[in-house]
Amino acid sequence: MTTTLPAYDEVVARYEPVIGLETHVELGTNTKMFCGCPTDFGGEPNTRVCPVCLGLPGSLPVANKAAIEATIRIGLALNCSIADWCRFARKNYFYPDMPKDFQISQYDEPLCADGYLDVEVGGELVRIGIERVHLEEDTGKTLHVGGATGRIHGATESLVDYNRAGIPLVEIVTRPVPGTGALAPEVAKAYVTELRDVLRSLGVSDVRMEEGSLRCDVNTSLNLPGEEWGTRTETKNVNSLRSVERAVRSEILRQASVLDAGGRITQETRHFHEDTGDTTPGRSKETATDYRYFPEPDLVPLAPDTAWVAELKAALPELPRLHRRRLQEQWGLSDLDMQSVLNAGAVELIEATVAAGTTPAAARKWWLGELSRRANETGVELADIGATPAQVAELQGLVDAGKLNDKLARTVLEGVVDGEGSPTEIMTNRGLEVVSDTGALTAAVDEAIAANPGIADKIRSGKVAAAGALVGAVMKATRGQADAKTLRDLILERLGVQG
């Protein structure tokens, strides 16, 4: 039976949403958290494992210093306090993707706590409180086959790959975020977007959501104004920025429908479906006591040296939000123009193109014009379109040198995207360089004048604008390989008319 959901604007006028986000980040270390197995994505199932990450009897874990350092840097970038003493804990639960039947994590003593991240939404700054940043190991991966949904329900069998088990995993947990009203879905998306940019700037992870190195659990609840916060649900493993926003919006509408009908919200995990934008129940939500946490007996406590932490803090890069603001001033963009660059995911691409030797205006023109159009048509990320910042800068250099006009440059750019080579190679191989031979152009102009005597007479009589028709004729004859301004000047000169 299909349930008719209420209108979103009407729901947020009556209810107050509260959101919270738990983000899991696979660190880009060379080896796993507690053993020496490689962490490369992919590979044949169950080939990157050893007695430690498989939890075989007699094996002992050793903590990865690079992962500890990366976690501290994340905490510092998120304005957290760094613990001077903390421990790992065992989180006990029994799933097929946990070969040890427990996960080494942190419980009541996280490595980083009490921070915040500022994000911009609708021109306003929203401060998202960070409750904790802790370090743990990732689980394996279960594949349910034989069913229609890829989930366990309806599957005929399940396969387990432990290659991912033991990869260093950082969990970043926000405090509840009330007071965002109708903007709650956008705030959730903006937070994950900004967090991803921070992590990328730190170089601690490739943060590829499509590969699972950045995964987000979205908590949502509703309450009437002035009342206590409602019961929350947790939508698990949302794997794209767009889906984070959709998952929050979907849960707001679903929960409002349940409450309006006199029902109660169940505290549970839910699954988000990309195809429909809906969530469906997973399992009832465990509490901390269900996991039977206790200190990990095989690992010594962590006690980061304060001088080391100070060195890490001093070496942090400029935060993305401040970096973007500085670039906006350097590029001379309005807030609206900068937002267009952000929406296209082109900040780093434009910055790299400028660094490769062209102007901000030219770089922005190509990335937000032809390349964005191509990315939208093919459904790929702009960064994966097939053109590099260096190639775009080289293309603009050919335009600046007069070797390509705008039309020919677009043709060359298509060749770059299709993998034909560098702009210079494509221009040469296809014979697309602008015709600069004055003799050849003069002959083409004379032919156009002879073929269009009426237009030539108009130009001689003072109607200089009519020269555009002859420019078009010559451009057609030269396959667009002439400079329009040069042609216009040459036409007027041949007809004895002042420009």
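**Helix packing and positive phi values in a predicted model**

The crossing of helix H3 and helix H4 is right-handed. The structure is a predicted model.

**Helices H3 and H4**

- Helix H3 spans residues 184-202 and helix H4 spans residues 241-260.
- The axes of H3 and H4 come within 8 Å and cross at roughly 155°.
- Angles over 145 degrees count as roughly antiparallel, so H3 is roughly antiparallel to H4.
- On the H3 side, the contact is made by Ala 184, Pro 185, Glu 186, Ala 188, Lys 189, Val 192, Thr 193 and Arg 196.
- On the H4 side, Leu 241, Val 244, Glu 245, Val 248, Arg 249 and Ile 252 take part.
- Of the residues in the contact of H3 with H4, eight are nonpolar, one is polar and five are charged.

**Helix H14**

- Helix H14 covers residues 423-430, and its buried residues are Pro 423, Ile 426 and Met 427.
- Seen down the axis of H14, these buried residues fall within an arc of 100°, so they line one face of the helix.
- An α-helix has 3.6 residues a turn, so residues three or four places apart point the same way.
- Thr 428 and Asn 429 lie on the other side of H14 and are exposed.
- The buried residues of H14 pack against two helices, H12 (389-400) and H13 (406-417).
- Gly 431 follows H14, and the phi of Gly 431 is positive, near 65°.

- Most residues other than glycine have a negative phi.
- Asn 46 is a residue other than glycine with a positive phi, near 60°.
- Asn 46 sits in the loop between strand E1 (16-26) and helix H2 (65-77).
- Is Asn 46 buried, partly exposed or exposed? The relative accessibility of Asn 46 is 36%, so Asn 46 counts as partly exposed.
- Val 207, also a residue other than glycine, has a positive phi near 45°.
- Val 207 belongs to the loop between H3 and strand E10 (214-223).
- Buried means under 20% relative accessible area; Val 207 has 3% relative accessibility and therefore counts as buried.

Methods: Residues are numbered from 1 along each chain as its sequence is written. This is a predicted model: local features need pLDDT of at least 70, side-chain atom pairs count only at pLDDT 80 or more; totals for chains, interfaces and linings use all residues. Side-chain values use heavy atoms; hydrogens and water are left out. Axes are lines fitted to C-alpha atoms, for helices over the stretch in contact, and angles run from 0 to 180 degrees between N-to-C directions. Helices (H or I, at least four residues) and strands (E, at least two) are DSSP runs, numbered from the N terminus. Angles under 35 degrees count as roughly parallel, over 145 as roughly antiparallel, 65 to 115 as roughly perpendicular and the rest as oblique. A crossing is left-handed if the near helix is turned anticlockwise from the far one by less than a right angle, and right-handed if clockwise. Contact means heavy atoms within 4.5 Å. Ala, Val, Leu, Ile, Met, Phe, Trp, Tyr, Cys and Pro count as nonpolar, Asp, Glu, Lys and Arg as charged, and the others, Gly among them, as polar. Buried means under 20% relative accessible area, exposed over 50%, partly exposed in between (1.4 Å probe, protein chains only). The arc is that of the directions from the helix axis to the C-beta atoms.
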